[in-house]
Amino acid sequence: MGMLFGKPKVTRITDHDRAVLQMKQQRDTLKRYQQRVEKLLESERELAKRLLSENKREKAKLLLRKKKYQTEQLERTEASLDTVEKLIQDLEYTQIEIKVIEGLKVGNVALKKANELFNIEDIEQLLDETKEGIDKQKEITDLLSGALSSEDEEAVEAELNDLIAVEHQKAIDVLPTVPSDELPVTVPETKEEDKLPTKKIALEAQ
């Protein structure tokens with residue numbers, strides 16, 4: 001059936017990894033020693049108090065001398081511990097720097113290969129073709145949206161003026177013609193009722 005999950009991944013341990021591991025082991029050893037000495041100092045301090053209460057001054061003094069020596073040892077241990085901690089940090093950061101440098105190398109190689117695909121002339125030609133395509137697309141968009149060039153706008157304006165002139169001329173042609181001769185003077189007819197008083201006056205005069 002073969003292996004169900006495939007082959008286990010093998011991790012290669014480098015000299016750098018071994019050095020970091022050793023430094024961490026030394027750090028852990030120093031921490032355990034530090035904790036043991038701190039507990040011992042605390043117990044010896046309590047013992048010195050009891051000896052003084054029992055009026056055993058010399059024994060208490062001897063114990064305090066021992067405590068003083070152990071305190072100095074503890075201080076040196078703390079200094080060594082700080083040194084080891086700093087060294088571990090430096091080693092781990094060095095590993096990070098190595099990975100960064102390796103990444104930069106890979107990126108630089110990839111960039112060089114990418115740059116080899118194009119030269120200046122190819123790039124300039126590509127930019128020109130891109131600009132030409134953009135201009136063409138803008139021209140199509142302007143046509144579809146009804147936008148006209150300045151020359152087209154002038155032609156439209158001229159055609160509009162011509163149409164206005166033609167319509168104006170048509171309106172003038174529709175108006176009636178005014179005759180040039182004088183109109184005849186018409187005398188209004190006199191009604192019969194208007195003539196009666198005149199005849200009556202003439203009879204009375206006779």
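These are my notebook entries on a predicted model of one protein chain.

**Ground rules**

I number residues from 1 along each chain as its sequence is written, and I work with heavy atoms for side-chain values, leaving out hydrogens and water. Because the model is predicted, local features need pLDDT of at least 70 and side-chain atom pairs count only at pLDDT 80 or more, while totals for chains, interfaces and linings use all residues.

**Entry 1: confidence**

I looked up pLDDT, the predictor's confidence in each residue, from 0 to 100. The chain has a mean of 76. I noted that 75% of its residues reach 70 or more. Where is confidence lowest in the chain, and where is it highest? Helix H2 (residues 57–116) is highest, with a mean of 85. Helix H5 (residues 192–205) is lowest, with a mean of 49. Over residues 199–205 the pLDDT is below 50. Beyond near neighbours in sequence, that stretch has zero contacts in the model; a contact means heavy atoms within 4.5 Å. I keep a caution here: where pLDDT is low, the predicted coordinates should not be read in detail.

**Entry 2: overall layout**

I counted five helices and zero strands. Both are DSSP runs, numbered from the N terminus: helices are H or I with at least four residues, strands are E with at least two. Along the sequence the pattern reads α-α-α-α-α.

Next I checked burial. Buried means under 20% relative accessible area, exposed means over 50%, and partly exposed lies in between (1.4 Å probe, protein chains only). Of the 206 residues in the chain, 10% are buried. The chain exposes about 19,100 Å², and carbon and sulfur atoms supply 58% of that. Such areas come from the Shrake-Rupley method with a 1.4 Å probe, and for residues only the protein chains shown count as cover.

I also looked at contacts between residues at least 6 apart in sequence. Of these, 75% join residues at least 24 apart.

**Entry 3: H1 and H2**

I took the helix spans next. The expected span is 1.5 Å times one less than the number of residues. H1 has 39 residues and reaches 58 Å from its first C-alpha to its last, close to the expected 57 Å. H2 has 60 residues and should span 88 Å; its end C-alpha atoms are 88 Å apart, so the two values agree. Just after H1, I found Asn55 with a positive phi of about 65 degrees.

What do the buried residues of H1 pack against? They pack against H2. In turn, what covers the buried residues of H2 includes H1 (15–53). The buried residues of H1 include Val20, Met23, Val37 and Leu41. Those of H2 include Leu63, Leu74, Leu81 and Ile88.

Thr77 is found in H2. Thr77 counts as buried because its relative accessible area is 7%. Leaving aside residues up to four places away in sequence, Thr77 touches Leu30, Tyr33 and Gln34. Arg27 lies in H1.

**Entry 4: salt bridges**

I searched the whole structure and noted nine salt bridges. The test is a side-chain nitrogen of Lys or Arg within 4 Å of a carboxyl oxygen of Asp or Glu. Side chains of opposite charge can pair when their charged atoms come close.

Arg27 and Asp28 meet at 3.3 Å, N to O. Is Arg27 buried or exposed? Arg27 is at 17% relative accessibility, so it counts as buried. Asp28, at 30%, is partly exposed. Arg27, Asp28, Lys31 and Glu85 are linked in a network of salt bridges.

Asp90 and Lys86 meet at 3.2 Å, N to O. They are four residues apart in H2, so about one helical turn separates them. Asp90 is partly exposed at 35%, and Lys86 is exposed at 51%.

**Entry 5: a nonpolar patch**

I found a nonpolar surface patch of about 640 Å², made by Leu117, Phe118, Ile120, Ile123, Leu126 and Leu127. Patch residues have over 30% relative accessible area and no salt bridge; like charges are joined within 9 Å, nonpolar side chains (Val, Leu, Ile, Met, Phe, Trp, Tyr) within 5 Å. Ile123 is found in H3 (residues 120–145). Ile123 counts as partly exposed because its relative accessibility is 37%.
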